[in-house]
Amino acid sequence: MEYIFAVLTFTGITVIGVLGSYLVTGLTGLFSFGQAAFFSVGAYTSAMLVKNLDVPFLLAVPAAMAVGLLAGFLVGYPTVRLRRDYISLVTFGFGEAIIALLNNSANLTGGAMGLSGIPQYTNFAIVWGSVAICLALAVGYKHSKYGRQCLALRADELAAKAMGINVNRIKLVTFLFAAAMTSYAGVLYAFYTTYVEPGAFGWIVSAEWIIIVFVGGINSLTGSVFATLLLTGLPEMLRFASEWRIAVYCVIVLLIINYRPIGIFGEFELTLKWLRQLGKKGVKAS
Amino acid sequence: MAAAVGEKGGQGIMSRLEAKHLSKAFGGVQAIDDFSFSVGERQIVGIIGPNGAGKTTAFNLLTGVYPLDQGQVFLDDEKISGLPQYQITQKGLARTFQNIRLFKGLNVIENVMTAADPYSSYNLADVFLYSGRKRRRENEVREMSRSFLALVGLAGYEEEKPENLPYGLQRKLELARALASNPKVLLLDEPAAGLNPSEVQDFIRLIRTVHEKFALSVLVIEHRMEVIMTLCANIYVLNFGKLLASGTPSEIQNNSEVTTAYIGEEDEACLL
């Protein structure tokens, strides 16, 4: 039972990471292969503050998010002006640079050995409460002028500019929002596992999040959440298949790309309105 | 000589959009060469010319898609050339595209709302807290967009995907979207391309309607002469990036240089 809770907690943390990727890649169409680096920034900053400097946890959380925002600004500000393919390259390089930095400043971060002995301040309830809040923020963002402008510039950047949209600004705001959210996920991770090491935050993680977004459907937040549950939760639960995880991933992704390029959920969003309609239909049917 | 004809057209009308000596070269090709024109307040002005004459390039220069090599653009005597594209739009220059460019992934009404979004002043805090200010403004923008859609004849299509609309309606949606950006001058790039004759008449009426309703100045590129000749008070003819002639529709129709540019010269051999 405890094991299942642990798996679900990790899944919840991944959901928040994937939400960040959804905002940047799904909503705005920018491929960020360095998204997991913000995760490591959040994890390491908070862990080092609490462990080395005895900063209270509740202060370390906003501090970690602020450092994540700063890192996001440093990468995002010059990058959003670039063409999309270059954005992927720059974020990729940034992510790997962060990993190298963590590996090479061993006296601060513990290097490749990692940082252990972090107190366990988070649990299942905190993580899933955070998921609910982050989801509410992301939904609000999607259904606002920001979300609309993201979708517009994803579809046609020239036309978006011609409609008076400050494309670079919207991209940067979204990028920063995602960076802060992902840093927060990193905090949750560090204070749940009590141990962080650079290897856990490489570009493969960023790529995995992007894959999840695509499997769920780039137009659907609901899709991102359910695809995370499916792709990270299930393989852990079905322990016997876990070595085949990457193979299963590949097969699922290939199937989706070939047979359902819009993702499992397409543009569907799970809303109260939809549930109500479903309820009405159910009543009628019975 | 051509310029002398041009002076007649915009007589007595205050100039709203003024382009002075626009020039742009792509590599060795002079796409626009010293092109000056003006659009008066509430005036409809046309730009015509054979394919490749530089008409769309002129639009792209006005709206800031390409930087100008030379020349300046003024909107209400304020210099707008050199500003980023989005600021030029916010100053009051809206456009439609020759090859329709709607936002896929947004439905019809959201396409229109997007153009009004840059004027929404609510911020991220309002978004994250689901504030009343955000909700009110969203409703306001939605209602406004709904009225633009109704105006162009797209009522009832709000929740459709733009790519599923028939071509003529997509053109109208582009127009509604341009209107939502609250323009002073509307730039229409071949609005009647691909429309059948009755749709063309419909579109002409529509342009008239919005022109009067919103007191707009309109600059229109068009190949369909019925559109240009019925709508425009003044016409500029471009050929190989240069201004060939300008004047009222009847002046242009009787201009032999224009006929030559369009149809070519009469060959004696053909008359034999």
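This is a predicted model: local features need pLDDT of at least 70, side-chain atom pairs count only at pLDDT 80 or more; totals for chains, interfaces and linings use all residues.
## The chain as a whole

Let's start with the big picture. Chain A has 13 helices and two strands. Its C-alpha trace spans about 60 × 50 × 35 Å along the principal axes. A compact globule of 286 residues would have a radius of gyration near 19 Å, and chain A agrees, with 19 Å.

Buried residues account for 50% of the 286 in the chain. Looking at contacts with a separation of 6 or more, 79% join residues 24 or more positions apart.

## Helix α1 against α9

Helix α1 of chain A covers residues 2-27, and its axis comes within 9 Å of the axis of α9(A), crossing at roughly 165 degrees. Angles over 145 degrees count as roughly antiparallel, so that is how α1(A) and α9(A) run relative to each other. Their crossing is left-handed.

Who meets whom here? On the α1(A) side you'll find I13(A), I16(A) and L23(A), among others, while α9(A) brings residues including F177(A), M181(A) and L188(A). Sorted by class, this contact has 15 nonpolar and five polar residues, with no charged ones.

## Helix α3 against α9

Helix α9 (residues 167-193) of chain A also packs with helix α3 (residues 57-79) of chain A, at about 140 degrees and with the axes 8 Å apart. This time the crossing is right-handed.

From α3(A), the residues involved include V61(A), M65(A), G68(A) and F73(A); among their counterparts in α9(A) are L172(A), L176(A), A179(A) and V187(A). The contact between α3(A) and α9(A) counts 14 nonpolar residues, six polar and no charged.

Technical notes: Residues are numbered from 1 along each chain as its sequence is written. Chains are lettered from A and ligands numbered from 1 in the order in which they are written. Axes are lines fitted to C-alpha atoms, for helices over the stretch in contact, and angles run from 0 to 180 degrees between N-to-C directions. Helices (H or I, at least four residues) and strands (E, at least two) are DSSP runs, numbered from the N terminus. A crossing is left-handed if the near helix is turned anticlockwise from the far one by less than a right angle, and right-handed if clockwise. Two residues are in contact if their C-beta atoms, placed from the backbone, lie within 7 Å. Ala, Val, Leu, Ile, Met, Phe, Trp, Tyr, Cys and Pro count as nonpolar, Asp, Glu, Lys and Arg as charged, and the others, Gly among them, as polar. The radius of gyration is taken over C-alpha atoms; the globule rule is 2.2 Å times the number of residues to the power 0.38. A residue is buried if 20 or more other C-beta atoms lie within 10 Å of its own, exposed if 12 or fewer, and partly exposed in between; C-beta atoms are placed from the backbone. Angles under 35 degrees count as roughly parallel, over 145 as roughly antiparallel, 65 to 115 as roughly perpendicular and the rest as oblique.
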